[in-house]
Amino acid sequence: MAKVRAAVVGGGIIGLAVARELLHRIDGLELTLFEKETRVAAHQTGHNSGVVHAGLYYTPGSLKARLCLRGVTLLRQYAQEKGVRYEECGKVVIAHDSSEIARMNAIFERAVSNGVPDVRLLDGGAIRDIEPHARGVAAIHSPRTAIIDYVAVAEALAGDVGAAGGRVRLGTEVVGLESRAREAVVTTSRGTESFDLVVTCAGLHSDRVAVLSGESRSPRVVPFSGDYFLVQPERSSLVKGLIYPVPDPRYPFLGVHLTKRIDGRIMLGPNAFLALGREAYTRRDWSVRDTASAIGFPGFWRFARGNVAAAVREARTVLSAEAFVREAQKYVPDVCRADVTRGPRGIRAQAMNADGSLEDDFVITGAHRVIHVRNAPSPGATSSLAIAEYVVDEALARATG
């Protein structure tokens, strides 16, 4: 019997999880993972806040809701198995004033529907029992929300792939992908190979890789940068865990919040503003191709026209560190500008449709021999091992269907 050959495109946490799951589920599989960078977890996996989301916000029954809950369980078990630090520091979602209570209660109902463990409502006084420096009129407390080092998880997954006989080919960019009746042909910067199955998990470049195989350019990835500030270590006691605002439906992004990292540092952020490149991790980085792709996309301008208020809010935090800190002070008044320094920047691969709407759920598409993970925003890292199960289930169903 001929061996099955499979390829995974993308060495972030989801691509690595898919590669590991394929090797576990298909006996004798020959697997190759292609990553254009010289290390794994070089992009979104290595530039996020490290939060393991419990599943508070997501529409009951959606892929996000289902795979987040499953993903938390798998990730916690995997971290324990591999000795990766995992801390259930807990999270409060704070209503800043009475106008936010109805929205907060709706989130609580979603959390209960999704089966989020141990979630409860707090009054203003009880908030201080959890976060002594936080202020608000009410809150949701999710004690099982956690933090982790996702780069360490990705490196452990890469080790598993290698130990199971898979090849992780770093510094190898995929530049062509063709799905044929009996094979899928992958062209890289180093040559051309044929496979029985290809799964792409290309993150910031997921739309471009999908187009290589003949898929639609929509949804288009429009990159949004997210800046963080770091609280000075001697002021880290201001925050015990995670302090989040109640999402405002007028804005497409959450807004500034306060997050404990696994190394104990406290971050403020992120904001969200159009990035000048899909890999623009500093204020000096930019890409003509990426900028042209975003501003030349009619969907972006439809999105922008409908979100002027959001753009104004986010622009303030981009241009002014003081404005950025004032957003955090709504929830922790004791933090001040002198307490913080500029920290890292992340880039969110926001999938956007031609009508300007944002893709909110995970999007997994593809033809017979090629499967694309086209959209896996937060809680994508949390859900990575569950996404891998889902994708491999889909692949095996196609093979036997």
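Analyst: Helices (H or I, at least four residues) and strands (E, at least two) are DSSP runs, numbered from the N terminus. The model shown here is predicted, and its chain has eleven helices and 21 strands.

User: Where in this numbering is the place of H205?

Analyst: H205 sits in the loop between β13 (197-200) and α6 (206-212).

User: Is H205 buried or exposed?

Analyst: The term buried applies under 20% relative accessible area. H205 has a relative accessible area of 17% and is therefore buried. Apart from neighbours within four places in sequence, H205 is in contact with K36, R278 and E279.

User: How is the overall form of the chain to be read, and what radius of gyration does the chain have?

Analyst: One sets the value against that of a compact globule. For 401 residues such a globule would have a radius of gyration near 21 Å, and the chain agrees because it has 21 Å. Along the principal axes, the C-alpha atoms fill a box of roughly 65 × 45 × 35 Å. Buried residues account for 54% of the 401 residues. Of the contacts with a separation of 6 or more, 74% are between residues 24 or more positions apart.

User: What does the accessible surface of the chain come to, and how many positive and negative side chains are there?

Analyst: The accessible surface is about 16,700 Å², and carbon and sulfur atoms contribute 50% of that surface. There are 50 positive and 44 negative side chains, with the centres of the two sets 3 Å apart.

User: How should I read an aromatic pair?

Analyst: A pair of aromatic rings is described by the distance of the centres and the angle of the planes. In this chain the count comes to six aromatic pairs. One of them is F34 with F195, an edge-to-face pair at 6.1 Å centre to centre with 80° between the planes. This pair links distant parts of the chain, since F34 is in strand β2 (residues 30-35) and F195 in strand β12 (residues 191-195), 161 residues apart. Both F34 and F195 are buried.

User: Why is the pair of F224 and F253 tilted?

Analyst: The ring centres of F224 and F253 lie 4.9 Å apart and the planes are at 55°, so the pair counts as tilted. F224 lies in strand β14 (residues 220-231) and F253 in the loop between β15 (242-245) and β16 (257-260), so the pair ties together parts 29 residues apart in sequence. F224 and F253 are both buried.

User: Which residues form one aromatic cluster?

Analyst: F224, F253 and F303 form one such cluster.

Notes. Residues are numbered from 1 along each chain as its sequence is written. This is a predicted model: local features need pLDDT of at least 70, side-chain atom pairs count only at pLDDT 80 or more; totals for chains, interfaces and linings use all residues. Side-chain values use heavy atoms; hydrogens and water are left out. The radius of gyration is taken over C-alpha atoms; the globule rule is 2.2 Å times the number of residues to the power 0.38. Buried means under 20% relative accessible area, exposed over 50%, partly exposed in between (1.4 Å probe, protein chains only). Contact means heavy atoms within 4.5 Å. Accessible areas come from the Shrake-Rupley method with a 1.4 Å probe; for residues, only the protein chains shown count as cover. Lys and Arg count as positive and Asp and Glu as negative; His and the chain ends are not counted. The place of a charge is taken as NZ of Lys, CZ of Arg, CG of Asp or CD of Glu. Rings of Phe, Tyr and Trp (its six-membered ring) pair if their centres lie within 6.5 Å; planes under 30 degrees apart count as stacked, over 60 as edge-to-face and the rest as tilted.
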